[in-house]
Amino acid sequence: MKNVSRSYGTFKALDDVSIEIRKGEFFSLLGPSGCGKTTLLRSIAGFDTPDEGVIELDGRNIIPYPPEKRLVNTVFQSYALFPHLNVFENIAFPLRLKKEKESSVRDKVAQYLKLVQLSGHEHKKPAMLSGGQKQRVAIARALINEPSVLLLDEPLSALDAKLRQSLLVELDQIHDKIGITFIYVTHDQSEALSVSDRIAVMNEGKVLQTGTPYEIYESPATDFVARFIGETNLFPATVVSCVPFEQTHMSTLQVDALGSVIRVTDDDYLEAGTHVSFTVRPEKLKITSHPPLTVSKDINLFSGIVDEPIYSGFQSKYYVALACGTIIKVIQQHATYMDEGPAINWKDSVFVSWSAEDGYIVEVIDR
Amino acid sequence: MNSVSFDTRTRHGATFSNVVLILVILFLFLPLFVIITYSFSASKSMEFTTFSLKWYTQLFFDSDELWSAFLNSAVIALSSAAVATVIASGAAIGIMWYRFKGRQYIQILSFLPMVLPEVIIGISMLIFFSAVRLPLGLITIFIAHTTFNLPFVYLLVTARLDEFDISTVEAARDLGANEAQSLVKVVIPSILPGMLSGFLMAVTMSLEDFVITFFVSGPGSTTLPLYVYSMIRYGVSPVINALSFVLILSIMLIAFAMRRFLKTIAASS
Ligand SMILES: Nc1ncnc2c1ncn2[C@@H]1O[C@H](COP(=O)(O)OP(=O)(O)O)[C@@H](O)[C@H]1O
Ligand SMILES: [Mg+2]
């Protein structure tokens, strides 16, 4: 879709959105609630008409067509099953509209019931199904028309966490099996990261970044993306100097929040005096009780006191108060058996360090 | 044990509540029992003498006027209820579908005929019909009944529509239905129970209406309630007692049939 905009009064729900989604892709629209994801999805389905822009499907602008003429089907957040029809007739609904032969209706419904693992529930009314089962019916019903694109609007948000996980995996398997394009809307970054081929991160009606989960996590395009995806330590900084380093550039940044300079590698050459924002993910920090034995030039080292350790089995998260008062997040995986509990406790003096290559310059504010 | 104490409590409560229940039933139905008893009495006065079916014979074989009045009532009840159901359901669906700005006001307006005294509605209808020079007769009764039935059906259908999930209409469109198909295959089946109970209510109200009909009926358009009233003016004939029993029986039969019917509909939706 190109340059799609939609306003409600003076409020811009979609602001010049351009996304290219490839055939067969599991594509996620990710953003906080109210950022315009549903509006965008409804524009693709045909329930809402953008003020500007075009939405193309296989090279053809679909905006002039009503919803029933688009090769796109939707799984609604509220399931939207027909309460007066049983599971079989709900799924058969699109086929009945096309007046398909009874035998072919039976075969297809059975096939899609099997796909969503609901065989044997044909004669139940939607009111008798659990939330997860209703969602499966909705998925089967949306797929039976064999659309080019399946739209899913936060399909799992009404389910509990465990079920959400397993249905997500199942959804991914269904996608692999039938190979059509999925456009999946969610506000849950871990959902999007785990199943998507590519993700578009949205905020306030704009697309901030489109890329693979890896790109979006490791090289966020804006501060918002860095903060929204996973956890991070993000600071404004000023470039002090920049020299070539192996294939890239090594910059020295003055970070006021850390009260010191740090080193970071970046592809681009940055003029001294440039304002940037700098991020380093908590799991890339090392936390130790003793200072590292060797301190090379490309290691950034700070000392501090553990302000808040949060133990969660497979890992611990530490909020470390640095000497200058700033709190920095560190996540440490517990890869080995800990007989006597975590080695680092509340109020311990610790050292936090990371390699220049693990830091990342997110935004260059002025050049 | 729990179950034991529960049993004793129901037994104690049962005696008292049973007494109340019997008293209430007596209060409600004693007049009917009296009428039924008299309908089988040979005497014309208010006492039971000997058992006789002569009033029933008279009712069925010698009451042509009564039966033509009954026919009028039935025709008007069924037709006005049907028309009211179609119009009111259409209005309710339309108001939901197109999200009219003034929908609350329509809701309030539709209450008016329910709270207005029937006499006033009757008189205003009469004035209206004479203003447009429509001769009083079956047509005017039909129009009047349709009018006063509309708000009741409208309310019952709207109540059903309030529970209706509008996103199912979008789902239907999404799956290939055009606007008309989504109306016929999704909206109407979902509100059918509401439409049916609205229809039944309209039939009942039309059958039993006396006041409004009294104002808008003309020569040759007597309905059953009007006819019964005119009979009473010449003294209560025991034929009316017989008629009452026949009506009670048939209404009970219809009510039971409808209950089963509505239950199967409810079970299937
Ligand atoms: N029909 C509407 N009228 C006015 N504002 C709307 C309408 N639909 C959506 N909005 C606004 O547009 C914004 C985006 O909504 P939506 O697309 O539903 O967000 P999301 O799905 O990302 O949570 C919200 O701030 C919402 O209030
Ligand atoms: Mg939404």
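Predicted model: local features only at pLDDT ≥ 70, side-chain atom pairs only at ≥ 80, totals over all residues.
Buried means under 20% relative accessible area, exposed means over 50%, and partly exposed covers what lies in between (1.4 Å probe, protein chains only). Residues are numbered from 1 along each chain as its sequence is written, chains are lettered from A and ligands numbered from 1 in the order in which they are written, and side-chain values use heavy atoms, with hydrogens and water left out.

**Nonpolar cores**

- A nonpolar core is a set of buried Ala, Val, Leu, Ile, Met, Phe, Trp, Tyr and Cys residues joined through side-chain atoms within 4.5 Å.
- The largest such core has 54 residues, and those with the most contacts inside it are Leu29(A), Phe82(A), Phe93(A), Leu151(A) and Leu161(B).
- Helix H3 (residues 64-97) of chain B gives the most to this core, with 9 residues; helices here are DSSP runs (H or I, at least four residues), numbered from the N terminus.
- Apart from this core lies another one of 36 residues, including Tyr112(A) and Ile174(A).

**Around Leu151(A)**

- Leaving aside residues up to four places away in sequence, Leu151(A) touches Leu41(A), Ile44(A), Ala45(A), Val72(A), Asn73(A), Thr74(A), Val75(A) and Ile183(A), where contact means heavy atoms within 4.5 Å.

**Salt bridges**

- Over all chains, a search of the whole structure finds 17 salt bridges, each being a side-chain nitrogen of Lys or Arg within 4 Å of a carboxyl oxygen of Asp or Glu.
- Glu170(A) pairs with Arg136(A), their closest N and O atoms being 2.7 Å apart.
- Glu170(A) lies in helix H5 (residues 161-178) of chain A and Arg136(A) in helix H4 (residues 131-143) of chain A, so this pair ties together parts that are 34 residues apart in sequence.
- Glu170(A) is buried at 11% relative accessibility, and Arg136(A) is buried too, at 14%.
- Lys12(A) and Asp15(A) meet through their side chains in a salt bridge (3.7 Å, N to O); Asp15(A) is buried at 17%, whereas Lys12(A) is partly exposed at 43%.

**A charged network**

- Salt bridges link Glu89(A), Arg96(A), Glu102(A) and Arg106(A) in a network.
- Within it, the side chains of Glu102(A) and Arg96(A) meet at 3.0 Å, N to O.
- Both count as partly exposed, Glu102(A) at 37% relative accessibility and Arg96(A) at 25%.

Methods: Helix = DSSP H or I, 4+ residues; strand = E, 2+ residues; numbered from the N terminus.
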